[in-house]
Amino acid sequence: MSDNQFKRIHLVVMDSVGIGEAPDAAAFNDEGAHTLGHIADHMGGLKMPNMGKLGLSNIEEIKGISKADQPMAKFTKMQEASVGKDTMTGHWEIMGLNIDTPFKVYPEGFPQELIEALEEKTGRKVIGNKPASGTAILDELGEEHMKTGALIVYTSADPVLQIAAHEDIIPIEEQYKICEIARELTLDDQYLVGRIIARPFVGEPGSFKRTSNRHDYALKPFNRTVMNELKDANYDVIAIGKISDIYNGEGVTESIRTSSNMDGMNKFIQTFDKNFTGLSFLNLVDFDALFGHRRDPEGYGKALEEYDQRLTEVFEKMTDDDLLIITADHGNDPVHHGTDHTREYVPLLVYSPKMKNGGEMPLRETFADIGATVADNFKVKAPEFGKSFLQELMK
């Protein structure tokens, strides 16, 4: 263990926090997208002093966030090499994979034969079967669901099949079993659905509320990731938030569920008090799910500022044994057209009290550089894709 540069690496994915259109944005209909920049403009400036100290505005100047004269972190931006712009593609690439066949999206709803198979195997009718906001479809179909027990099936601009059901109408365990059935039905290559998501809710018509009992059923990564290598070498891999779901549990030694960004930060900060050697890996989903897809720049901006305040506690917990990596998995510009993710660069900020100084690193041509760096630090098998930046951190 003493040969490792760092005993613990703490990886934070700010879900959807992009930092400007990628070179191939036009191919995704995302020209002009800039998640952070447009939120900052809408807010009249973002108050994120901790991210500012790390060097966020040194990557690209963001209104309200001062450039750091002496940034604490090594900083740059990363370009996605894979062909998608969804959560699974971004996360799998971060851990060393390259996705060259995109998952499918279903703008017209799912094929009738799939819906009929789901109805047959669950014994319940399906209503909906279209792209929709997760809250709007409850307003539209929640009452019918409560009267009939039919499953509300919907999708989004992501490769996901979501199933909403009231917890008093269909018990949680049955909801999860239904999603497992849907996962089995969509394993066929013709569907390429990235995730099945259980979306339980409670309440009465006009006041429905989704609960924290969401559960994701992802495809298993098509190859081993750095997380598998860490686990097999007896390192800890602590998955916080939806990380375990995204990787279908592969390479995870401990999974910690969260109910919100702030709960995620609570659990993340608590991991600094654990005596572990390896990786803690946090996804902050609210940025994407609550604000990006709902095109709410105001809410997104406030959530970013709340997150930034919590970094003070992170810095206080860190020792020379700790390395903090902050990044994102794609963009989701809340002033862009539609409700889709956006093809953007993502920020990369890397900090440890052990580092002599911060400064700019070269542009990373794949998110897999993070996985390569983690593998390099813990002396496990390097992924096929990605170049380690570990040695650059101590310059």
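Modeller: Buried means under 20% relative accessible area, exposed over 50%, and partly exposed in between (1.4 Å probe, protein chains only). Helices (H or I, at least four residues) are DSSP runs numbered from the N terminus. This is a predicted model, in which local features need pLDDT of at least 70 and side-chain atom pairs count only at pLDDT 80 or more, while totals for chains, interfaces and linings use all residues. Residues are numbered from 1 along each chain as its sequence is written, and side-chain values use heavy atoms, with hydrogens and water left out.

Colleague: How many of the residues of helix H13 (residues 368–378) are buried?

Modeller: The buried positions include Asp369, Thr373 and Asn377 as well as Ile370 and Phe378. Helix H13 is largely enclosed by the rest of the structure, because the buried residues number 10 of the 11.

Colleague: How far apart in space are Met48 and Leu304, C-alpha to C-alpha?

Modeller: Met48 lies in the loop between helix H1 (35–43) and helix H2 (49–54), and is buried at a relative accessible area of 2%. Beyond residues up to four places away in sequence, Met48 touches Ile65, Leu304, Glu305, Tyr307 and Asp308, contact meaning heavy atoms within 4.5 Å. Met48 and Leu304 are 256 residues apart in sequence, yet their separation in space is 7.5 Å.

Technical notes
Helices (H or I, at least four residues) and strands (E, at least two) are DSSP runs, numbered from the N terminus.
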